[in-house]
There are 2 protein chains.
Amino acid sequence: MKKYNFNPGPSVLPEITIKNTAEAILNLNGSGLSIMEISHRSKDFEAILKESKDLLKELLNIPSGYSVLFLQGGASLQFAMVASNFLNKKAAYLDSGSWASKAAKEAKLYGEVQVVASSKEQNYTFIPKNYTIPADADYFHITTNNTIYGTELKTDISSPVPLIADASSDILSRPMDVSKYALIYGGAQKNLGPAGVAFAIIRDSMLEKISRPMPTMLNYKTFVENDSLYNTPPCVAIYACLQTLKWLKDLGGLNAIYKMNTDKADMLYNEIDRNKLFMSPLTSSEDRSIMNVVFVFKPEYKALEEKFLEVAKSKGIVGIKGHRSVGGFRASIYNAMSDEGIKTLVQAMKEFESQA
Amino acid sequence: MKKYNFNPGPSVLPEITIKNTAEAILNLNGSGLSIMEISHRSKDFEAILKESKDLLKELLNIPSGYSVLFLQGGASLQFAMVASNFLNKKAAYLDSGSWASKAAKEAKLYGEVQVVASSKEQNYTFIPKNYTIPADADYFHITTNNTIYGTELKTDISSPVPLIADASSDILSRPMDVSKYALIYGGAQKNLGPAGVAFAIIRDSMLEKISRPMPTMLNYKTFVENDSLYNTPPCVAIYACLQTLKWLKDLGGLNAIYKMNTDKADMLYNEIDRNKLFMSPLTSSEDRSIMNVVFVFKPEYKALEEKFLEVAKSKGIVGIKGHRSVGGFRASIYNAMSDEGIKTLVQAMKEFESQA
């Protein structure tokens, strides 16, 4: 049976990414060697790394004066790196979800953290608005998409201080004005590739602000100066990312995928709003994520949860159980989720309604 | 043409590791999903993680009271983690090579570092001996195998203070008395799997010594308490490691592989000693590594280097160019290097001698 993978991450990847990565594991470019076995200093791998950076720059239209880095440790390690590198006195954070809150927590080790606004008391059912970014902050940190709660900050905001964004779960889902950001970072395991590699897009002039002594592997300079090759990078994961980037370019780039993503999200949100059993737990519909669609049963139907999960499973739908902090369901519909997957889920919701 | 991969890392892996990983990338256990796409919280992945830990414990005969961890960032990140976690006042380091020296450098950020002995002035051509480990050190750090220089500390030394070892390039090459170590760590990309995952085998009682506030991702407690699942682990790389561990068990475990490794190393060192063109740059033959066999042309034949590399290449031999700090050649003959590979290299050396 065909599976429709709605996992929040690691998550659905393009078929071509899967096929090409499996092939390169058996034999990279006909070299007779596996991508798992080749030196990260080899010409083959240098070409892979360069093409990955160049394609990311092209797709996101990254201006000159920025470096693209590949790192390890996920966004979680970068929570600490961001502060270790750039928090000299005070940093401002927007608390829009659990990951945003974790990022702020790591920063407290390095200086004052001012949370400019939080929706925590409302279980993060919206993105806080109408806050003031302190002009004396070293930077302002946002989380563009809140994977757990299904909210998304869909515009590139203007900030009087360097803007730093964790874009783990919506990078490459829409065009971004990179010039508005000092640093965009995240894990790869949503829209890019497998778990085990993280990315950073950093404005080079930010490196001048780094003054704290710190471990070599936490310093963004290490990665910029050594072109992400200070130590052995996760070669296989980077190769897989490259396949996804090529797929995205072939598909028409970020304008094309953004149209597809909004169409897919609309299809699913329309059904949630129409269906008498389901509802969105969000209090602000403008914040609905186009990547993670969170929905729950209306209170009177809550007892049906397990049954709906079983019905979905019988149709090949996997990974839609909601995060324990929200309950209900979460359909993660990243770039590689097909229309067919969305239609199958919508159909399952319709059928379930007609039989309830 | 069949390739013989003598790369220092990423390096040769068992054929079954390559085959099974490629299969799991296409379809994990017949689930219809790729190992790149499944949740790290899924039963499938939990089983992979558990079996990997259990097999590592079985193969290395790890006593109770130790935890096996999978991390990211390579040994390089753990250089800082070791000191951040355990260096409260003073730590002792044995400087036996570039990586040992880098480990000590990272530690200086956290406290006093006493280098008990160094062979740096002799270009690391031997492992320093006859040193005293200070009884007041928080720990004593060693590098069991020096990948660049081809020297290896082949015995499990006794230390009056907790013994911490970077075993990146000889882990699983021989039986070890794990009980003598407080922590054994390293990157996986030599004897275990692809780049992108690191391991740590830690005595649980060491966790009580951790007192410094530090980033969550640098704290060994985070990995022990969350069973390496605090954040998304490198699932594909761990899966590949599991295939290697299974291969090693099927092969007879560490006693069997140790016999094979010493036989392979002997074959190559015997040829280096016999051949009139080549020599070992090491000043202490007892320190010859069974993993990285470093050899050079005798001074009068040095001009032949490029030619020998070409001849080797024509026979499918790849990755034997020596590290720039040593020059000459380095044959990395990790667990998965076949007898046939060694014989091909030895044959190439013999032929080259007869034609020189």
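Me: Which hand is the crossing of α3(B) and α4(B)?
Reply: In this predicted model, α3(B) and α4(B) cross in a right-handed way.

Me: And which residues make that contact?
Reply: From α3(B) come B:Ala75, B:Phe79, B:Ala80 and B:Ala83. On the α4(B) side you have B:Trp99, B:Lys102, B:Ala103, B:Glu106 and B:Ala107. Sorted by class, the contact holds 7 nonpolar and 2 charged residues, with no polar ones.

Me: What angle do they pack at, and how far apart are the axes?
Reply: The angle is about 40°, and the axes are 8 Å apart. That makes α3(B) oblique to α4(B). If you want to find them, α3 covers residues 74-86 of chain B and α4 covers residues 98-107.

Me: OK, another pair. How do α7(B) and α9(B) pack?
Reply: Helix α7 (residues 253-274) and helix α9 (residues 339-355) of chain B pack at about 5°, with 10 Å between their axes. Angles under 35 degrees count as roughly parallel, so α7(B) and α9(B) are roughly parallel to each other.

Me: Which residues meet there?
Reply: B:Lys264, B:Met267, B:Leu268 and B:Glu271 of α7(B) meet B:Asp339, B:Ile342, B:Leu345, B:Val346 and B:Met349 of α9(B). The class count for this contact is 6 nonpolar, no polar and 3 charged.

Me: Let's hop over to chain A. What about α1(A) and α6(A)?
Reply: α1(A) and α6(A) pack at an angle of about 140°, their axes being 9 Å apart. The crossing is right-handed. α1(A) brings A:Ile16, A:Thr17, A:Asn20, A:Thr21 and A:Ala24, while α6(A) brings A:Tyr239, A:Ala240, A:Gln243, A:Thr244 and A:Trp247.

Me: How many of those are nonpolar, polar or charged?
Reply: There are 5 nonpolar and 5 polar residues in the contact of α1(A) with α6(A), and no charged ones.

Me: Now the two chains. How many residues does each put into the contact?
Reply: Chain A gives 48 residues and chain B gives 48 residues.

Me: Which elements of chain A are involved?
Reply: Those giving two or more residues to the side that touches chain B are α1 (15-26), α3 (74-86) and α6 (235-250) of chain A. α1(A) gives the most, with 5 residues. By class, that side of chain A has 25 nonpolar, 20 polar and 3 charged residues.

Me: What rotation takes chain A onto chain B?
Reply: A rotation of 180° with 0.0 Å of shift along its axis superposes the two, at an RMSD of 0.0 Å. The two copies are thus related as by a two-fold rotation axis. The same surface serves both copies, too: 100% of the contact residues of chain A recur in chain B.

Me: Which residue of chain A comes closest to the rotation axis?
Reply: That is A:Ala22, whose C-alpha lies 2.3 Å from the axis.

Me: Last topic: what are the domains of chain A?
Reply: The domain assignment gives domain 1 (4-10 + 252-355) and domain 2 (15-250). Their centres, taken over C-alpha atoms, are 26 Å apart.

Me: How many residues touch between them?
Reply: 27 residues of domain 1 of chain A are in contact with 26 residues of domain 2 of chain A. On the domain 1 side, α7 (253-274) and β12 (292-297) are the elements giving two or more residues. α7(A) gives the most there, with 6 residues. The domain 1 side divides into 13 nonpolar, 11 polar and 3 charged residues.

How values were computed. Residues numbered from 1 in each chain as written. Chains lettered and ligands numbered in written order. Predicted model: local features only at pLDDT ≥ 70, side-chain atom pairs only at ≥ 80, totals over all residues. Axes fitted to C-alpha atoms, helices over the stretch in contact; angles between N-to-C directions. Helix = DSSP H or I, 4+ residues; strand = E, 2+ residues; numbered from the N terminus. Parallel < 35°, antiparallel > 145°, perpendicular 65-115°, else oblique. Left-handed = near helix turned anticlockwise from the far one by under 90°. Contact = placed C-beta atoms within 7 Å. Nonpolar A, V, L, I, M, F, W, Y, C, P; charged D, E, K, R; others polar. Least-squares fit on C-alpha atoms with pLDDT ≥ 70 in both. Domains from an automatic or database assignment.
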